[in-house]
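Morning, everyone. Let me put the model on screen, and then we'll walk through a few spots.

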Amino acid sequence: MIFYFTGTGNSLYAAKRLDNDLISIPQAIHDSVKIYSAEKIGIVCPVYGHEMPMMVKDFLKNAEFVTDYFYVVLTYGNRHAGAAKWAREFLVSIGKSADYINVLLTVDNFLPSFDMAEQVKTAAAKNIPEQIAAIKLDIDARRKFISPVTDEDIAWHNEFVRQNKYVVANMDKAIYHITSSCIGCGICTKVCPAGCIHLENQRAVNTSENCQMCMACVHHCPEYAIRLNIGEMNPEARYHNPNIRLNEIVEANEQSKYRKEAKYNENEMYYIDTDSGSDYSELRGKYLCAER
């Protein structure tokens, strides 16, 4: 059993190769009873600022895992900066422990720091399938292991925290804006794991409430209509894991059924065939017909 969190598909890709019993954290976090039992239970998620997303932490705080083997796999794209250490310390702080914590190097999708066109070119050299295969062997053998952390890793993390105090302090404020290029397709409303985005008058509106900084909305917009307010390396390049289909991201993250109060007219929402797969190019420039 794996609980996963994904924005652009990297962690979901890893989770699918590690186990068949997958549960999305943005869905599981709404379970009224969070007691889960299995021989092995894992968490697969990205790290943002070298730490697990806030939603993952909230889920871990409130969940009870009945298992003989608990593991965590953290995906990252450039530097993990001691991610295993911070994950382990967080688990200890909430009275939990892991038998195994490892990191998985993949494509970095953090737009302010990386050009996605260049990042995609790094995927082959990172040997991602081979890394996952090695982790799977560890888990199948129930290996006890915590990924080592160096002084340099800790120094990188501390410097990151120092430089990003303002960003962290203002995390609840909008870091994105939606341009006039929005066609009201509704993809962003479906891929946001926190339900931050809804449609009003056939246009996307971002409230930023509980935003996880996963940037799924930005990466999946077929019109590149969602832009960052804090700048980015290449505004014309976006990323999604080529092995993961759009409908899988929607299934993992869509929050519409949990909204207590509709903020838009459901009859004005636009329909997008999420089974179209990961080829987003066919969606660009198309005005999608309204669902009636």
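Does Phe59 count as buried or exposed? Phe59 counts as buried, at 0% relative accessibility. The cut-offs: buried means under 20% relative accessible area, exposed over 50%, and partly exposed is in between, with a 1.4 Å probe and protein chains only.

Some ground rules. This is a predicted model, so local features need pLDDT of at least 70 and side-chain atom pairs count only at pLDDT 80 or more, while totals for chains, interfaces and linings use all residues. Residues are numbered from 1 along each chain as its sequence is written, and side-chain values use heavy atoms, with hydrogens and water left out.

Back to the rings. The whole structure holds 10 aromatic pairs. One of them joins Tyr36 and Phe59: 5.9 Å centre to centre, 45 degrees between the planes, tilted. Tyr36 is in strand 3 (residues 35–37) and Phe59 in helix 3 (residues 54–62), so this pair links distant parts of the chain, 23 residues apart. Helices here are DSSP runs of H or I with at least four residues, strands are E runs with at least two, and numbering starts at the N terminus. The pair rule takes rings of Phe, Tyr and Trp (its six-membered ring) with centres within 6.5 Å; planes under 30 degrees apart are stacked, over 60 edge-to-face, the rest tilted. Tyr36 is buried too, with a relative accessible area of 9%. Both belong to one aromatic cluster: Phe3, Tyr36, Phe59, Phe65 and Phe70.

Next, charges over rings. The rule: NZ of Lys or CZ of Arg within 6 Å of the ring centre and within 35 degrees of the ring normal. Arg143 lies over the face of Phe145, 4.1 Å from the ring centre. Arg238 puts its charged end over the ring of Tyr224, at 5.6 Å from the centre.

Now cysteines. How many disulfides are there? The count is zero, where a disulfide needs two cysteine sulfur atoms within 2.5 Å. Take Cys196: its closest cysteine sulfur is in Cys192, 3.9 Å away, so that is too far for a bond. Cys196 is buried, at 2% relative accessibility.

Last stop, Glu248. Glu248 sits in helix 11 (residues 246–253) and is buried, at 17% relative accessible area. Beyond its neighbours within four places in sequence, Glu248 is in contact (heavy atoms within 4.5 Å) with Leu12, Lys16 and Asn243.
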